[in-house]
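Here is a short briefing for a first look at this structure. Keep the sequence and the 3D view at hand while reading.

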Amino acid sequence: MKEFWDNITAVQPEPSLRLVIGTGVVALLLIAWRPIWKYTRQVVTIAHEGAHGLIAALVGRKLSGIRLHSDTSGVTVSRGKPTGGGMIAVLLAGYPGPALFGLAAAFVLSRGYAVALLWGLLLALVILLLQIRNLFGLWSVLVFGAVVFGVSWWGSATAQAAFAHLLTWFLLLAAPRAVLELQYSRRGGRGRTSDADQLRRLTGVPAILWVGVFGLVTLGCLAVGVMWSGVLPS
């Protein structure tokens, strides 16, 4: 057990610039290539709904459950006051959530803890699994968790570092695209029950401004994540 814990908490060697850039390029392809994006986007949905659930718990709302759907949509249900700061915080968390998780992952990686990041993610997925309330959501989290566990348990140090960087890049790069898709959906007359539109009803602030806030946060996280990655010259 001590050896296992030492492996998790050990600082890994700094990855090569080629690995960091290469995983970023692969992540970008997974996001930009539409045939694969319709599957990989589910990771963004898991992070999005996980962020809703986390903030709901932190502000004292009772989390009733999370559902993930095959069209990469999702819903998080919590009980509590339907208005006020707590509900606003929950709605605000969704779209920035993947970017903020990606930024946290980038910080951990910048300190050399790739293995700790993977095991921390696995723990978070186990906690999330307890809140899933539909079969597809259960399957999605289990498959994602199995991939993370496989790399964490059997992967070489290089494979673990590559996977951790790939996932971090994916979250940072995918979050802005999700915001663009939100606005595209709203312009098409859909998405009137989106987080931005619910925030409009709660606050009176136009939904487009909330979309702008989501966009600024996700792009800001991406910019800081790039700086922490070491890709840019210091």
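Predicted model: local features only at pLDDT ≥ 70, side-chain atom pairs only at ≥ 80, totals over all residues.

**Helix H6 and the UniProt spans**

- H6 runs over residues 114-129 and has 16 residues.
- From first C-alpha to last, H6 reaches 23 Å, close to the 22 Å expected at 1.5 Å a residue.
- An unreviewed UniProt entry lists residues 15-33, 88-107, 113-130, 137-155, 161-180 and 207-228 under "transmembrane region".
- In the model, residues 113-130 are 89% helix and 0% strand.
- The end C-alpha atoms of residues 113-130 lie 26 Å apart.
- Residues 137-155 are 95% helix and 0% strand.
- For residues 137-155, the end C-alpha atoms also lie 26 Å apart.

- Strands E1 and E2 (residues 74-79) pair in the antiparallel sense, over 6 bridges.
- Leu-63 stands opposite Ser-78 in E2.
- Gly-65 stands opposite Val-77 in E2.
- The hairpin has 5 residues between its strands.
- Thr-72 lies in that loop between E1 and E2.
- Most residues other than glycine have a negative phi.
- Is Thr-72 buried or exposed? Thr-72 has a relative accessible area of 10%, under the 20% cut-off, so it counts as buried.

**The largest pocket**

- The largest pocket has a volume of about 880 Å³.
- There are 32 residues in its lining, and the closest to the pocket centre are His-48, Glu-49, Ser-73, Gly-74 and Tyr-95.
- Which elements give two or more residues to the lining? They are H3, E2, helix H4 (85-93), H8 and helix H9 (195-203).
- H3 provides the largest share of the lining, with 8 residues.

**Ala-89 in H4**

- Ala-89 lies in helix H4.
- The relative accessible area of Ala-89 is 26%, which falls between the 20% and 50% cut-offs, so Ala-89 is partly exposed.
- Leaving out residues up to four places away in sequence, Ala-89 touches Ile-55 and Val-59.
- Ala-89 and Leu-58 are 31 residues apart along the chain, and their C-alpha atoms are separated by 9.8 Å.

- Trp-169 is found in helix H8.
- Trp-169 counts as buried because its relative accessibility, 9%, is under 20%.
- What does Trp-169 touch, not counting residues up to four places away in sequence? The contacts are Val-20, Thr-23, Gly-24, Ala-27, Val-226, Ser-229 and Val-231.
- Trp-169 and Glu-181 are 12 residues apart along the chain, with 19 Å between their C-alpha atoms.
- Leu-167 has its place in helix H8.
- Leu-167 has 14% relative accessibility, under the 20% cut-off, so it counts as buried.
- Leu-167 touches Val-43, Leu-121 and Phe-144, again not counting residues up to four places away in sequence.
- Leu-167 and Gly-24 are 143 residues apart in sequence, yet 9.1 Å apart in space, C-alpha to C-alpha.

**Val-25 in H2**

- Val-25 is found in helix H2, which covers residues 17-32.
- Where does Val-25 fall on the scale of accessibility? Val-25 has 45% relative accessibility, between 20% and 50%, and therefore counts as partly exposed.
- The C-alpha atoms of Val-25 and Phe-170 are separated by 9.6 Å, while the two residues are 145 residues apart along the chain.

Terms used
Residues numbered from 1 in each chain as written. Heavy atoms only, no water. Helix = DSSP H or I, 4+ residues; strand = E, 2+ residues; numbered from the N terminus. Expected span 1.5 Å × (residues − 1). Pairing = 2+ DSSP bridges. UniProt positions renumbered as here; feature names shortened; annotations may be inferred. 1 Å grid on protein atoms, 1.4 Å probe; cavity = no way out; pocket = protein on both sides within 12 Å on 5 of 7 lines; lining within 4 Å. Points joined across faces, edges and corners; volume = space filled by probe spheres on them. Buried < 20%, exposed > 50% of the residue type's maximum accessible area, 1.4 Å probe, protein only. Contact = heavy atoms within 4.5 Å.
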